[in-house]
Amino acid sequence: MTHHILVTGGAGFIGSAVVRHLIDHTPHEVANLDKLTYAGNLESLASVSDSSRYRFYQVDICDGPALDAVLAEFKPTAVMHLAAESHVDRSIDGPADFIQTNIVGTYTLLEAVRRYWNGLAEESKAAFRFHHISTDEVYGDLEGTEDLFTETTPYAPSSPYSASKASSDHLVRAWQRTYGLPVLVTNCSNNYGPYHFPEKLIPHVILNALAGKPLPVYGDGSQIRDWLYVEDHARALVEVVCKGQVGETYNIGGHNEKRNLEVVETICDLLDELVPRAADRDQGCSYRELITFVKDRPGHDRRYAIDASKIERELGWKPEETFETGLRKTVQWYLDNRDWWQRVLSGDYRLGRLGEQA
Ligand code: NAD
């Protein structure tokens, strides 16, 4: 069956991977609804934007009437909701946008979708899916070294970002319980891979290293994150929206627990192999020498780790990349796609947007 899938936040890091996956590997029609904040980049969709199965709407999820118009025109059979403010450091410096987009925006989208869904014929209503994409950060910190987040771990968010995502998860579940909207929720660990905005740890380290700049590591670098290659996540999300059980939550993770310092050191080692620092200029020194420890982020969670056995057991999904293969691919991608990230660093990726100056 061919679906009409509306992807919110499809110009972002994970959303663009989902759109590329849907166009490249499925027969489905895809609409990308995105406000194009600083994090949205249509250049990440260049490989699929000419497809007759792809269309784009520049819309804010806080704008109910605009959402109504898109839903009436595109007539989705499923919504995959990824639009969000997503950067923890930004949420600490300025939480307002996170409350607005992640909470008020999700509420506005849920209401628009409910109006649209109420108008569908019974069969289409039953087949409809609202898939909310969330994070493992809603579960807070793990104390023990063996503990894992499961789908029933109580919520204990630490940052304004994770608190706003936790709030949106609760809204989505309440819209099912109260109004019967057929929802699915996924909570995923840290993603990495191609087209990642340079403010996030892995691309930030790669690009600073290439520029010979310091590689900042928060605190002593012992915080543990569970890393998932973004294309594995995109594949998991499409499995969930097509085959998941309504009302269920699925945790998605890569079984790749790494200390932040280990991540930075591994990137340095890959760069030493692929683009060694010039011997005459730097006596052949390693990129590791650029590592600099900086003051820790307030409220920084120590460890996240996901138990992904439910999605593996029930939907047969498994990550294809190990951290080693995925990180090598990622570093190679940044070496091969300098134009993409240079246009992000210079701000040129925003040229030509509605309401923006060149
Ligand atoms: P991102 O910041 O790269 O992209 C977010 C996208 O949403 C951007 O294209 C932006 O323009 C758009 N957007 C923001 N506000 C909007 C609004 N008001 N209306 C319409 N569009 C808007 O984020 P990402 O890393 O791709 O994350 C996508 C989703 O996955 C988020 O909901 C995030 O919480 C979740 N998630 C991310 C990770 C991760 O490691 N990056 C892990 C688990 C879950």
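This is a predicted model: local features need pLDDT of at least 70, side-chain atom pairs count only at pLDDT 80 or more; totals for chains, interfaces and linings use all residues.
Glu 320 is exposed, with a relative accessible area of 60%. The areas themselves come from the Shrake-Rupley method with a 1.4 Å probe, and for residues only the protein chains shown count as cover.

Residues are numbered from 1 along each chain as its sequence is written, and side-chain values use heavy atoms, with hydrogens and water left out.

Let me turn to the salt bridges. Side chains of opposite charge can pair when their charged atoms come close. Here a salt bridge is a side-chain nitrogen of Lys or Arg within 4 Å of a carboxyl oxygen of Asp or Glu. The structure holds 21 of them.

Which residue meets Glu 320 in a salt bridge? The partner is Arg 235, at 3.8 Å from N to O. Arg 235 lies in helix 8 (residues 230-243) and Glu 320 in the loop between helix 11 (309-315) and helix 12 (323-336), so the pair ties together parts that are 85 residues apart in sequence. Asp 232 joins Arg 235 and Glu 320 in a network of salt bridges.

The expected span is 1.5 Å times one less than the number of residues. Among the buried residues of helix 8 are Asp 232, His 233, Leu 237 and Val 241.

In one of them, the side chains of Glu 324 and Lys 258 meet at 3.5 Å, N to O. This pair links distant parts of the chain, with Glu 324 in helix 12 and Lys 258 in strand 11 (residues 257-259), 66 residues apart. Glu 324 is partly exposed at 46% relative accessible area, whereas Lys 258 is buried at 15%.

In the other, Glu 273 pairs with Arg 328, and the closest N and O atoms are 2.9 Å apart. Glu 273 belongs to helix 9 (residues 260-274) and Arg 328 to helix 12, so far as sequence is concerned 55 residues apart. Arg 328 is partly exposed, at 38% relative accessibility.Strand 11 also contains Arg 259. This residue is partly exposed, with a relative accessible area of 35%. Arg 259 and Arg 225 are separated by 34 residues in sequence, and their C-alpha atoms are 6.5 Å apart in space.

Gly 347 and Tyr 38 are 309 residues apart in sequence and 9.1 Å apart in space, C-alpha to C-alpha. Gly 347 is partly exposed, at 28%.

Next, helix 1. Is helix 1 (residues 13-25) largely enclosed or largely open? Ten of its 13 residues are buried, so helix 1 is largely enclosed by the rest of the structure. The buried residues include Phe 13, Val 18, Arg 20 and Leu 22. From first C-alpha to last, helix 1 reaches 18 Å, close to the 18 Å expected at 1.5 Å a residue.

I now come to the backbone. Most residues other than glycine have a negative phi, and most peptide bonds are trans. Lys 75, although not a glycine, has a positive phi of about 50 degrees. Lys 75 sits in the loop between helix 2 (64-74) and strand 4 (78-81), and is exposed at 53%. Tyr 195, also not a glycine, has a positive phi of about 65 degrees. Its place is in the loop between strand 7 (190-192) and helix 7 (201-210), where Tyr 195 counts as buried at 17% relative accessibility.

Finally, the surface charge. Asp 141, Glu 143, Glu 146 and Asp 147 gather in a patch of negative charge on the surface. Such patches are made of residues with over 30% relative accessible area and no salt bridge, like charges being joined within 9 Å and nonpolar side chains (Val, Leu, Ile, Met, Phe, Trp, Tyr) within 5 Å. Lys and Arg count as positive and Asp and Glu as negative, while His and the chain ends are not counted; the place of a charge is NZ of Lys, CZ of Arg, CG of Asp or CD of Glu. Asp 147 lies in the loop between strand 5 (129-135) and helix 6 (160-179), and is partly exposed at 37%.

Notes
Helices (H or I, at least four residues) and strands (E, at least two) are DSSP runs, numbered from the N terminus. Buried means under 20% relative accessible area, exposed over 50%, partly exposed in between (1.4 Å probe, protein chains only).
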